[in-house]
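Open the model in your viewer and keep the sequence panel beside it. The stops below say what to select and what is there.

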Amino acid sequence: MARDSYRDLAAYYDLMASDPGIQALYREWRGLLLAAIRKRGLRPRVLVDLACGTGNSTIPWTRRRGWTVVGVDRSAAMLRAARRKSRAVRWVRQDLTALRLGERADLVTCHFDALNHVLRDADLQRVFDGVGRLLREGGLFQFDLNTAHWLRRLSASQRLFRLGPHAFTAYNAFDPRTGVALLRQLWFVKRGRHYRKLEVAVRERAYDRAAVRRMLRQSGLRLVTVRAQRALGAAPIRDYFLAVRLPARPAR
Ligand SMILES: C[S@@+](CC[C@H](N)C(=O)[O-])C[C@H]1O[C@@H](n2cnc3c(N)ncnc32)[C@H](O)[C@@H]1O
C-alpha cells in the first residue's frame with residue numbers, strides 16, 4: 001500500500017472538519033443523497049462510503065434502521081480514529097484502486113475531494129470499475145471533486161490557520177501541466193508549554209467533467225448530475241457528481 005499521508009493528520013483531522021463550512025458540506029451530501037433516493041423510489045439496504053477517513057460522512061447513516069454501513073479507507077490511522085467513534089460501521093482497510101468487498105451495495109459515496117487523491121487516469125478508472133462491480137443495478141454513486149481552478153488558487157495563498165491550541169500554515173504548489181497540486185501543511189501542535197512541528201503533504205489531481213463522465217460510462221455508470229457545489233464568482237471550485245449503475249450488458 002502507498003505511503004499514508006494521513007498518518008500524522010489523523011489526530012487533528014476532526015478538529016479541522018469541525019469547521020462550519022465543512023460540516024455544511026457533509027449535511028448537503030446527506031440531504032442530496034436522501035433526495036435522490038426518494039426521487040428514484042429506492043429502498044437501500046447497504047451503503048459503502050469510500051475513503052471514509054474518520055467516518056464523518058459514514059457514521060450518520062448508521063441511524064437508518066436496517067441499513068448496513070461500510071467505511072473503506074487505506075489509512076490505518078484514520079480508520080483507528082473512525083473505529084473509536086462508532087462500532088456500528090464495518091470499517092475496512094483497503095485501497096480504492098483495488099476494491100474487493102464481499103457485499104453488493106445500493107449506495108456508494110466518496111466525499112471531501114477524496115477522488116482528487118487518485119493521481120492517474122488508469123487508477124481513477126480502476127476505482128470506477130470497482131464501484132461498477134460493487135453497485136447493484138440502479139444504485140447510486142455520489143462524490144465530489146476539487147476543480148483545477150481551486151487547486152491553482154490554493155497554491156497562490158499562504159495563510160496561518162489557528163485550530164484550538166494548535167496552528168498550521170499551508171504552502172501549496174500546482175503544476176498546470178499535470179493538473180496535480182502538492183498541498184503541504186506545517187503544523188505547530190501544542191504539547192504542554194511547547195509546540196511540536198509536524199509536516200503533512202498530500203497530492204491532489206484535478207479532473208475535468210467530460211473525462212469523468214467518459215470514465216464513469218466505461219465502468220457501467222451513467223452521470224446523472226454534475227454541477228458546481230461551491231464556486232468563486234463564476235468559477236466552480238468544488239464539483240458535485242451523482243451517477244447511476246446501468247444494467248449489466250448481456251453476455252454474448
Ligand atoms: C480528505 S480525506 C476525506 C475523508 C472523508 N471522506 C471525509 O469526508 O471526511 C481523504 C481520505 O481519502 C483516503 N484515501 C486517499 N487515497 C486513497 C486510496 N487510494 N484508497 C483508500 N483511501 C484513500 C485518505 O486516507 C483519507 O482518509
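Which residue stands opposite Trp187 in E9? Select the pair: Trp187 faces Leu198 of E9 across the strands. Strands (E, at least two residues) and helices (H or I, at least four) are DSSP runs, numbered from the N terminus.

Two notes before the tour. Residues are numbered from 1 along each chain as its sequence is written. The model is predicted, and local features need pLDDT of at least 70, side-chain atom pairs count only at pLDDT 80 or more, while totals for chains, interfaces and linings use all residues.

**The whole chain**

Show the chain as a cartoon: six helices and eleven strands are there. The radius of gyration is 18 Å, close to the 18 Å given by the globule rule for 252 residues, so the chain is as compact as a globular protein of that length. That radius is taken over C-alpha atoms, and the rule is 2.2 Å times the number of residues to the power 0.38. Along its principal axes, the C-alpha trace spans about 65 × 45 × 35 Å.

**The four-stranded sheet**

Four strands form an open sheet here, in the order E6-E7-E8-E9, with antiparallel pairing. Two strands pair if DSSP finds at least two bridges between them. Select 158–163 for E6 and 194–205 for E9; these are the edge strands, each pairing on one side only. On average, neighbouring strands of this sheet are turned by 20° against each other, direction ignored. For such angles, axes are lines fitted to C-alpha atoms, for helices over the stretch in contact, and angles run from 0 to 180 degrees between N-to-C directions.

Walk across the sheet pair by pair:

- E6 and E7 are joined by six bridges in the antiparallel sense. Arg159 has Ala170 in E7 as its bridge partner. Two residues lie between the strands of this hairpin, where Gly164 has a positive phi near 55°.
- E7 (residues 166–175) and E8 (residues 180–191) run antiparallel and share nine bridges. Ala173 is opposite Leu182 in E8. This hairpin has four residues between its strands, and Gly179 takes a positive phi near 75°.
- E8 and E9 run antiparallel, joined by twelve bridges. Two residues separate them in their hairpin, and Gly192 in the turn has a positive phi of about 60°.

While side chains are displayed, keep one rule in mind. In a regular strand the side chains alternate between the two faces of the sheet.

**The seven-stranded sheet**

Next, select the other strands of the tour. Seven strands make an open sheet in the order E3-E2-E1-E4-E5-E11-E10, and the pairing is mixed. Its edge strands are E3 (90–93) and E10 (221–232), each pairing on one side only. Neighbouring strands of this sheet are turned by 15° against each other on average, direction ignored.

Select E5 (residues 135–146) with E11: seven bridges pair them in the antiparallel sense. Asn146 stands opposite Arg238 in E11.

Which helix packs on the sheet, touching E10 and E11? Select residues 209–218: this is H6, whose direction makes about 155° with that of E10. Then select H3 (residues 76–85), which lies across E2 (68–73) and E3 and runs at about 170° to E3.

**Where the domains meet**

Colour by domain: domain 1 is 10–146 + 207–245 and domain 2 is 149–204. Such bounds come from an automatic or database domain assignment. The domain centres, taken over C-alpha atoms, are 24 Å apart. Twelve residues of domain 1 are in contact with ten residues of domain 2; contact requires C-beta atoms, placed from the backbone, within 7 Å. On the domain 1 side, H1 (10–17) and E11 (235–245) each give two or more residues. E11 supplies the largest share of that side, four residues.

**The ligand**

Finally, centre on the ligand. Which of the 20 residues around the ligand come nearest? Select Ala51, Gly53, Arg74, Ser75 and Phe112. A residue counts as near if its C-beta atom, placed from the backbone, lies within 6 Å. The shell divides into nine nonpolar, seven polar and four charged residues. Ala, Val, Leu, Ile, Met, Phe, Trp, Tyr, Cys and Pro count as nonpolar, Asp, Glu, Lys and Arg as charged, and the others, Gly among them, as polar.

Notes: Two residues are in contact if their C-beta atoms, placed from the backbone, lie within 7 Å.
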